[in-house]
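The reader may wish to view the structure before going on.

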Amino acid sequence: MARRIWLPLIGFIVWAVAFIVLYGAQALGCAFGWGAIGVGPIDLHRLVLVGLYLVTIAILAQAALWLARQDKTLAGEGAPSDLLGRAGLYGGLAALGAGIFTYAPVLFVSTCV
Amino acid sequence: MTQPRLTPIRLHKAMERIWGTGPGWQRLAAVNHNVLGKRFIVAAFVFFAIGGLLSMVIRAQLATPNSAFIGPEVYNQVFTMHGTVMMFLFAIPMFEGLAIYLLPKLLGARDLAFPRLTAYGFWCYIFGGTILVGALVFGVAPASGWFMYTPLSSQPYSPGINADVWLLGVTFVEISAMLAAVEIIVTVLKMRAPGMSLDKMPIFAWYMLVTAGMMLIGFPPLILGSILLEMERAFGLPFFDPTRGGDPLLWQHLFWLFGHPEVYIIFLPAAGALSTIIPVFARTPLVGYRAVIVAIVAMAFLSFGLWVHHMFTVGIPHLALAFFSAASALVAIPTAVQIFAWIATIAHGKPRFDIPMLYVAGFFVVFVIGGLTGVMLAMVPFNQQAHDSYFVVAHLHYVLVGGFVFPMLAAAYYWLPHFSGRMPVYRLAVPAFWLILVGFNLTFFLMHLTGLMGMPRRIATYPSAWGWDWLNLLSSVGGFVLTIGFALVLMDIIAQFSYGRRFGRDPFEAGTLEWAMPTPAPSYNFAAIPRITTRADQLEPRVLGPQLAGGHGYLGFVRDDRMETLGVNAMTGEPDQVIILPRQSYLPLFSGLATGLVVLAMLFKLYWLAGLGLVGVIGLFLLWTPGVGLKSDSGALDIGMGAAVPPDAEVDNNLAWWAMLTWLAGDATLYASLLFGALFLVVVAPAWPPQAVLESGWLWTILPGAGLVLAAGGRHLAERSPVGSALHYGALIGSGLSHGLAIAGLVLLMGALPDPRAHAYGAISFAILFYGLVHCAIGALLAFYTVWRVKAGYVSARRRLDLRLGRAWSDYTALAGLVGLAMVTVLPWLSGGAG
């Protein structure tokens, strides 16, 4: 039961891990010259970053859906689980929105300049 | 066995005898949160006055162009110390003090989780602060800015002890902050009144829980950065020297990884105070309790994704800037959620305007302006124009004074009656508020203009005829008006303690537990601990208070002269243990003095003395423990209200266990920052790859790796084997010896590294291994200490805490050590690849 205390944090934990991974991938790509390797119409660096972005959004969306189900389940249990369930859902949705917005620059901003 | 009931007066006297702090010299042995909370607040206020005086010197210097009031050398020390004092010695300790004093009361506990740690933290704060301020008096204060940027703070450019004073002094003070973070987390989660499930917690406790979590993650990067820079300055390990594979930007990353969350660490407790005060004066519950909880969680996480907005001009690629710019703008949303919740609360209620509400109104005006300029600075193009100009000085003061000082003044006028038992004398409070509001805006609003007109920060003087003269003069006039306002507040507080009208319970008709006790608060807070059945900010203290004073509730008695309070399930708030707290002791003071000796010895490069001091610190810490715990199993204890629960020593998940997990989380953050530093240098720093690397690295890792695994295995075996059996002792001693084996292996590996002074590769590898070595040494000490605890009778099949703590430490050490060994093995390959 004590594990439910993590519910409000789950969405933003995913967001934070994605931040580290994307920032790291951006730095590594510049250091190792991924931008010089062409992959179809784009370069490897962009491909990796966009791929990570999409994976991040997918995971955040999945987390939000899971948190919505938790919210529904916990609502029937009463206090304090219902608070954590609802806070988890709000947190998951906020993290999804934050993820879409914060990492969207991988789609159009120059990677190593 | 049911405990005999005492009359309220006898109960009060019996409790006071046990929980109270003695007179005279015994005050130095105080561990009570009431005493220490007040001491923190008073000390923070003294440092605020010192920081304020320094700001007066700054404004006097800048009032006119070409000023010769103080030269640039002194000016550099003054502005550095102004920032350092205000951030590290005022803001953080002030909210720590407020939390130390208030949290147990709001939660329905009799003290914090670890009273002696509170006392030790206080002494670390005082001694560290004294070193910093003393350096100013002797003219050797830090002079590189409160952010200590390298290479300015590196040995060649700051050859004196000035920078060392900052690095060692601030780290000393940060011990206090880390301890406070652990205490707050454990207290909020485990020491609430029975029935106070998470959804019934007062909102201030949520704020402090999130803040403490942020401190736990936010402070280690600064502590690590300070240690690395001190190692560079003292021993020549070039972490930040670009000519030897280091990078000054690594310092900036580590500093701002702490520095930006720090702004929110300061803001959130103040926001917690606002979320407590506004509903009281609006006479309605806080609107959006759940939304506010989510907002502070969101703010906490987002605040860790902003740090690079302090580094927008250092040449980082646009994409990275865009991440941080987006997150910087985004953090305005959870902030706005709280602001709208407060406005909605006022709009929904029937507000009455008292002095605290004046400061709340001041907060709204000042903080919102600071927030808006913050969004401006989050935009990269604008930031690059305004960077390091007075616009930034204006912005940060609007955020910090608006977001912390105004709410703290509201909090002061709201809670001072709790400290004094008297109501404020309003005659001075109103003009004081207006002087502060007008003085503040006169001082800092104009700095937006001087900044936009191009005036850079940190300049000791400026030529005339650039259009800055009259703006600076007015700013200086405003600064002095502001100071007069604060002086009036001080006089008002003195007047309140001397002449204020005494009151009964709950003068503001609040709904939180701190008002359900006599004021000034007794040392034990509650003669009996209440059962909470509704949200703990909608209680009736006037009704509840007399019942508790009469001993009607949990633990409304004295047992064996012990300091007892209740521990609860973190989620449900149902009681699950009787917590027996340690009594008053001089050991925290002596431990603080010994720690101070270590710091001073390092400052003056007397490393043999620092080593002796360290042995003293360890010895004193070990002296804390005899008497802590039980020597026999007692089973469930009566807690009143027809309930019985075991003592904390017989519960697996007790306070010490939670504290260990919490501490390890902070420790892991420091380690992760170190590993980040290693990767950062490999990928970004110039002068890589190094000329010499570790040869056949994996061979060198076998011995320490085996030691680490065996040590952890020994602790697991010790936990599973019968207590006191030969196997049990053998496993513990084996674990200690295995830690020794790991230490030997690590020393050999460190010896095999290329000279750590030659290149950052060697330096960072050395630091990673040294981290493992320190943890192994502590692991060995814990193993042999546990042997003593078992022999002394503190451990049994039911009292397994020592075994669990040691196992957790060894597990973490093994994991971190193995990761470190892998890193040291891989670094040569990585550096070649990246180079």
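The axes of helix H3 (residues 72-107) of chain B and helix H6 (residues 203-235) of chain B come within 11 Å and cross at roughly 140°. This is a predicted model. Angles over 145 degrees count as roughly antiparallel, and H3(B) and H6(B) are therefore oblique to each other. H3(B) passes H6(B) in a left-handed crossing. On the H3(B) side the residues that meet H6(B) include B:Phe88, B:Ile92, B:Phe95 and B:Glu96; among their partners in H6(B) are B:Phe204, B:Met208, B:Thr211 and B:Phe219. By class, this contact of H3(B) with H6(B) has 14 nonpolar, one polar and one charged residues.

A second pair in chain B consists of helix H7 (residues 248-282) and helix H19 (residues 655-684). H7(B) and H19(B) are roughly antiparallel, because their axes cross at roughly 150°. The crossing of H7(B) with H19(B) is right-handed. B:Leu249, B:Leu250, B:His253 and B:Leu254 in H7(B) meet B:Ser673, B:Phe676, B:Gly677, B:Phe680 and B:Leu681 in H19(B). Six of these residues are nonpolar, three are polar and none is charged.

| Helix pair | Axes come within | Crossing angle |
|---|---|---|
| H3(B) and H6(B) | 11 Å | roughly 140° |
| H7(B) and H19(B) | 10 Å | roughly 150° |

Between the chains, 40 residues of chain A are in contact with 32 residues of chain B. Together, chain A and chain B bury about 3200 Å², 85% of it on carbon and sulfur atoms. The rule finds one salt bridge across this interface. The side chains of B:Arg290 and A:Asp82 meet in a salt bridge, with an N to O distance of 3.7 Å.

Methods. Residues numbered from 1 in each chain as written. Chains lettered and ligands numbered in written order. Predicted model: local features only at pLDDT ≥ 70, side-chain atom pairs only at ≥ 80, totals over all residues. Heavy atoms only, no water. Axes fitted to C-alpha atoms, helices over the stretch in contact; angles between N-to-C directions. Helix = DSSP H or I, 4+ residues; strand = E, 2+ residues; numbered from the N terminus. Parallel < 35°, antiparallel > 145°, perpendicular 65-115°, else oblique. Left-handed = near helix turned anticlockwise from the far one by under 90°. Contact = heavy atoms within 4.5 Å. Nonpolar A, V, L, I, M, F, W, Y, C, P; charged D, E, K, R; others polar. Buried area = accessible area lost by both parts, 1.4 Å probe. Salt bridge = Lys/Arg side-chain N within 4 Å of Asp/Glu carboxyl O.
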